[in-house]
Amino acid sequence: MSTKDNLASLLARTELFKGLSTNELAACIPSFREAKFKKGQALFVRGESATGLYLVADGRVRLAIATEDGRELSFRHATAGELLGEIAALDGGTRSADATALTAVTAYRLDKEDFRKLWRERPALSERLIAFLCGRLRDTSGQLESIALHPLHVRLARFFLVALGNRKPEPGKRLPLELGMSQSELALLLGASRPKINEALGKLEETGAINRTIDRIFCDPAKLADIDDA
């Protein structure tokens, strides 16, 4: 697959660009530039001026906020087909979080002025932008609600359900899930400690909602959903 075709495919998967016509997507592609990052390298850091947004093509990026005393809260992992850095690129403010490559990352960068030009000149993209930002707000509200109101094993069940997506297991079988992150990373993402995550995993295992092996988790979506609804 050519770079152009790959970028078109990635854009069509994003919440912001999906739904645009083939011609509209094609018009957006020339504004993107490839950028590569090594594992552990920062794409951007909190407080710096925003110069653009990124579309992840390959790899995993952690978005996190660090406190002055060294504590860190991860609130999102971005993988292939996801955008990051769009808020500051829109309002011209500073970065609100650190973005760090957890693996080697290939991304496509869209400079701030090119981004603004695209949504000013293309009404369809402007309409998608409103829906995209509303979705981000809903996701943030849901995450805050989950942390504040639900026990950790319930939050973990909900996280697994989201990660499974629309996949359905064969009768009598579980769905394998490769998280692509360590328990420590999962703990940061859910606002907990690693021992607490291990304890929550144990609770899910006791209910039969999951089964753990060395490198994978096998999930029963129906039982996970029952825990989420409890």
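This is a predicted model: local features need pLDDT of at least 70, side-chain atom pairs count only at pLDDT 80 or more; totals for chains, interfaces and linings use all residues.
Local features require a pLDDT of at least 70 and side-chain atom pairs a pLDDT of 80 or more, whereas totals for chains, interfaces and linings use all residues. Residues are numbered from 1 along each chain as its sequence is written, and side-chain values use heavy atoms, without hydrogens and water.

Four strands form an open sheet in the order 1-8-3-6, with antiparallel pairing; helices (H or I, at least four residues) and strands (E, at least two) are DSSP runs numbered from the N terminus, and two strands pair if DSSP finds at least two bridges between them. Six bridges join strand 1 to strand 8 (residues 105-111) in the antiparallel sense, and E34 stands opposite Y108 in strand 8.

Helix 6 (residues 152-164) and helix 8 (residues 194-206) have axes that come within 9 Å and cross at roughly 75 degrees; axes are lines fitted to C-alpha atoms, for helices over the stretch in contact, with angles running from 0 to 180 degrees between N-to-C directions. Helix 6 is therefore roughly perpendicular to helix 8 (angles under 35 degrees count as roughly parallel, over 145 as roughly antiparallel, 65 to 115 as roughly perpendicular and the rest as oblique). The contact (heavy atoms within 4.5 Å) involves L152, H153, L156, A157 and F160 of helix 6 together with K196, I197, A200, L201, K203 and L204 of helix 8.
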